[in-house]
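Thanks for coming, everyone. I'll keep this brief. Please look at the model as I talk.

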Amino acid sequence: MPRVVVLTGAGISAESGIPTFRDADGLWEGHRVEEVATPEGFDRQPELVHWFYDARRAALRAVEPNAAHHALADLEQRLGDDLLVVTQNIDDLHERAGSTRVLHMHGELLSALCRACERRTRWHDDLVDQPPCPHCGVCELRPDVVWFGEIPYEMDRIQDAVAGAELFVSVGTSGAVYPAAGLVQLARAYGARTLELNLVPSVGTPMFHEARHGPAGVLVPEWVAEI
Ligand code: BJW
């Protein structure tokens with residue numbers, strides 16, 4: 001069981017150039033996040049939703065992990081199994097920085113999920129043209145991400161790890177989306193110390209024992225150096 005669990009959100013990738021969800025009014029080219037991040041939105045406008053994710057998948061090629069991702073990878077070198085990163089992010093910047101103990105609770109941009117056979121495929125190209133599933137041949141691939149109303153991935157492992165942790169650290173998340181936003185309360189209920197590292201106070205700030213405010217690229221390496 002890991003002694004330290006770090007929950008990351010969009011803010012940790014902001015300094016790599018990936019926009020957060022709620023800082024620019026939660027809009028993507030004029031569309032609300034809910035419009036492009038719900039199963040209903042996908043059923044209504046599949047092309048729009050594919051464009052949204054295809055654009056983000058293409059943009060991922062041009063960005064690099066920043067000092068915060070690298071600091072967490074360095075921490076894993078020191079702590080090994082005693083560190084678990086739980087990320088809400090669908091980018092692969094933790095892995096590209098060198099982290100291996102990462103759970104993607106909201107899925108991954110570089111994975112496609114077949115709605116027909118429910119199998120997953122590593123995916124680097126566009127989905128808007130509705131290519132066939134490599135497993136079953138049916139043209140029903142969707143981004144392998146968790147939309148509102150869907151059940152986040154790995155919840156049992158995440159809840160067990162948070163409940164067993166001595167230290168729970170949240171980095172760059174607004175605390176607006178559940179169940180991720182409730183993990184700090186779970187950690188506290190089981191006796192963990194809790195620390196928030198975020199650019200500005202979030203809705204969740206009062207739930208943490210300690211909160212530090214500033215860019216993740218500064219705060220995370222500072223915190224890792226203290227451990
Ligand atoms: C920096 C920085 C810098 C900037 N340095 N910081 C309880 C109460 C109320 C509602 C619910 C509830 N439980 C469930 C719900 C419903 C719903 C929900 O939460 N709704 C809310 C809007 C109220 N939740 C769900 O539907 C979830 N499913 C669910 O609950 O199923 C039931 C179930 C659960 C568990 C077990 C069994 C059953 C699913 C939620 C899926 C969310 N999906 C998305 C899209 C994923 C794909 C994609 O990426 O496109 O996930 S929405 C979007 O929000 C994305 C993110 O991961 C997620 C969180 O956003 P995040 O990371 O916090 O980003 P921002 O932009 O909000 O914040 C960035 C922060 O960084 C800010 O604070 C900045 O200040 C900071 N920052 N620059 C440090 N340089």
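A salt bridge here is a side-chain nitrogen of Lys or Arg within 4 Å of a carboxyl oxygen of Asp or Glu. Two housekeeping points. This is a predicted model, where local features need pLDDT of at least 70, side-chain atom pairs count only at pLDDT 80 or more, and totals for chains, interfaces and linings use all residues. Residues are numbered from 1 along each chain as its sequence is written, and side-chain values use heavy atoms, leaving out hydrogens and water.

Start with Arg96. Its side chain meets that of Asp92 in a salt bridge, 3.0 Å from N to O. Glu64 is exposed at 54%, while Arg96 is partly exposed at 33%.

Next, Asp43 and Arg115. Their salt bridge is 3.4 Å, N to O. These two residues are 72 apart in the chain. Across the whole structure, the search finds 15 salt bridges.

Now the inside. What does the largest nonpolar core hold? It has 20 residues, and Val171 and Trp223 are among those with the most contacts inside it. A core here means buried Ala, Val, Leu, Ile, Met, Phe, Trp, Tyr and Cys residues joined through side-chain atoms within 4.5 Å. Helix 9 gives the largest share, five residues. Val171 is buried, at 1%.

Methods: Buried < 20%, exposed > 50% of the residue type's maximum accessible area, 1.4 Å probe, protein only. Helix = DSSP H or I, 4+ residues; strand = E, 2+ residues; numbered from the N terminus.
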